[in-house]
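Welcome! Here is a short briefing on a few local features that are worth a look as you turn the model around.

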Amino acid sequence: MTSPLQRFHPFIPAGGVGSRLWPLSRADAPKFLLDLTGSGSSLLRATYDRLEGLSAGPLMVVTGRSHAGAVQEQLPELSANDLVLEPSPKDSAAAIGLACTLIERRDPTAIIGSFAADHVVEPALAFQDVVREAVQAADTGRIVTIGITPSSPATGFGYIKAGRSLGLEQAPHALTVEQFVEKPDEETARQYVASGRYTWNAGMFVAPVGLMLDYLRRSEPELATGLDRIADAWETTERDAVVDEVWPTLTKTAIDYAVAEPAAAAGDVAMVPGDFTWEDVGDFAAINRLNKVDPQTDSQVSILGSNKRVLADESSGIVVSDTARLIALIGVDDIVVVDTPDALLVTTAEHAQRVKNAVDSLKRNGDTDVL
């Protein structure tokens with residue numbers, strides 16, 4: 001059999017609107033299509049570039065049909081067969097499960113890797129080294145996650161409780177996983193961080209494709225059967241018709257519930273610590289952390305977007321704007337201003353998670369024109 005790295009087939013689930021980043025992120029311009037770091041690359045493009053050198057073949061992207069044109073524009077090298085389009089959002093088990101099912105048809109010995117399109121990772125070389133270890137650990141018959149060392153007792157992430165070393169020569173940092181824990185309260189999160197035995201669950205999975213699908217077929221047999229029907233028609237002229245028929249019937253659930261948790265309970269999950277900087281760009285506080293202020297100025301306000309007409313007097317925070325409007329900040333700390341042609345958001349970094357509440361209110365009120 002060929003080496004594990006020669007059988008590695010990573011893919012990128014690119015879904016979710018990013019409602020906590022409204023009004024910057026919209027239904028027709030979700031966060032993974034945006035440059036939120038000022039690097040000149042969208043989050044999707046940066047993710048693709050990090051993975052391209054690791055892949056045994058072409059990379060696959062799973063996204064919504066409405067984003068097909070934008071994804072193809074950003075990734076012109078992506079073939080039509082490797083652009084997997086969902087008619088509607090069905091959560092991560094359907095998206096990841098379909099990618100795994102299609103890859104299994106191409107190479108039943110494949111080791112898959114699932115890496116979300118909306119994460120910021122630096123440096124890329126350190127990330128790639130960790131992924132290579134994860135591939136080697138997965139080749140021993142395990143589902144492998146990548147754990148991120150917590151920088152704070154965050155309550156917005158799940159946690160992984162690490163166990164003993166696997167003792168693998170090719171993956172010296174690989175550990176067993178004793179438990180997956182859903183988002184804890186703040187006091188519990190503090191205890192986890194203080195113990196040194198927990199890492200953040202970054203939602204990255206590396207595994208033998210057959211093992212991933214075995215667990216999916218056991219825990220969600222109807223979902224797996226539907227995905228098999230879609231995969232059987234993928235290379236035929238019936239693809240779109242079968243997808244339209246089957247997709248609405250699929251169970252909506254997360255891959256953590258369908259695969260990761262039962263696999264961890266059975267002792268089939270391992271973890272490799274991520275020795276790199278990782279940011280799940282979930283809200284404007286995260287964008288503020290990523291976009292540091294210009295050290296050449298005295299300003300404590302970072303500016304993202306084409307509009308640089310920002311006056312800051314004894315203020316700190318972030319301004320995101322592509323309008324021509326002058327924005328003046330006077331005596332405000334940790335402020336977040338997002339100025340778009342049809343919507344203006346003003347909040348603080350402390351309350352950045354509550355932006356989703358505004359989006360929910362807009363939906364209830366029928367104001368979908370700004371979503």
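A crossing of two helices is called left-handed if the near helix is turned anticlockwise from the far one by less than a right angle, and right-handed if clockwise. By that rule, helices H3 and H7 make a right-handed crossing. Helices (H or I, at least four residues) and strands (E, at least two) are DSSP runs numbered from the N terminus.

This is a predicted model, in which local features need pLDDT of at least 70 and side-chain atom pairs count only at pLDDT 80 or more, while totals for chains, interfaces and linings use all residues. Residues are numbered from 1 along each chain as its sequence is written, and side-chain values use heavy atoms, with hydrogens and water left out.

**Helix packing around H7**

- Helix H3 spans residues 91–106 and helix H7 residues 221–233; their axes come within 9 Å and cross at roughly 50 degrees. Axes here are lines fitted to C-alpha atoms, for helices over the stretch in contact, with angles from 0 to 180 degrees between N-to-C directions.
- That angle makes H3 oblique to H7, because angles under 35 degrees count as roughly parallel, over 145 as roughly antiparallel, 65 to 115 as roughly perpendicular and the rest as oblique.
- On the H3 side, the residues that meet H7 are Ala-93, Ala-94, Gly-97, Leu-98, Thr-101, Leu-102 and Arg-105. Their partners in H7 are Leu-223, Leu-227, Asp-228, Ile-230, Ala-231 and Asp-232, where contact means heavy atoms within 4.5 Å.
- By class, this contact of H3 with H7 holds 8 nonpolar, 2 polar and 3 charged residues. Ala, Val, Leu, Ile, Met, Phe, Trp, Tyr, Cys and Pro count as nonpolar, Asp, Glu, Lys and Arg as charged, and the others, Gly among them, as polar.
- H7 also packs with helix H8 (residues 239–246), at an angle of about 170 degrees and with the axes 8 Å apart. H7 is therefore roughly antiparallel to H8.
- Gly-226, Arg-229, Ile-230 and Ala-233 of H7 meet Arg-239, Val-242, Val-243, Glu-245 and Val-246 of H8. The contact of H7 with H8 divides into 5 nonpolar, 1 polar and 3 charged residues.

**Backbone features**

- Most residues other than glycine have a negative phi, and most peptide bonds are trans.
- Trp-22 and Pro-23 are joined by a cis peptide bond with omega of about 5 degrees; Pro-23 sits in the loop between E1 and helix H1 (43–52).
- Another cis peptide bond links Glu-122 to Pro-123, with omega of about -10 degrees. Pro-123 belongs to the loop between strand E5 (119–122) and helix H4 (124–138).
- Glu-314, not a glycine, has a positive phi of about 50 degrees, and lies in the loop between strands E13 (310–313) and E14 (316–321). Its relative accessible area of 70% makes Glu-314 exposed (buried is under 20%, exposed over 50%, partly exposed in between, with a 1.4 Å probe and protein chains only).
- Asp-334 has a positive phi near 55 degrees. This residue lies in the loop between strands E15 (327–330) and E16 (335–339), and is partly exposed at 43%.

**A contact between loop residues**

- Val-332 is also in the loop between E15 and E16, and is partly exposed at 27%.
- The C-alpha atoms of Val-332 and Ser-315 are 4.7 Å apart, although 17 residues separate the two in sequence.
- Leaving aside neighbours within four places in sequence, Val-332 is in contact with Glu-314, Ser-315 and Ser-316.
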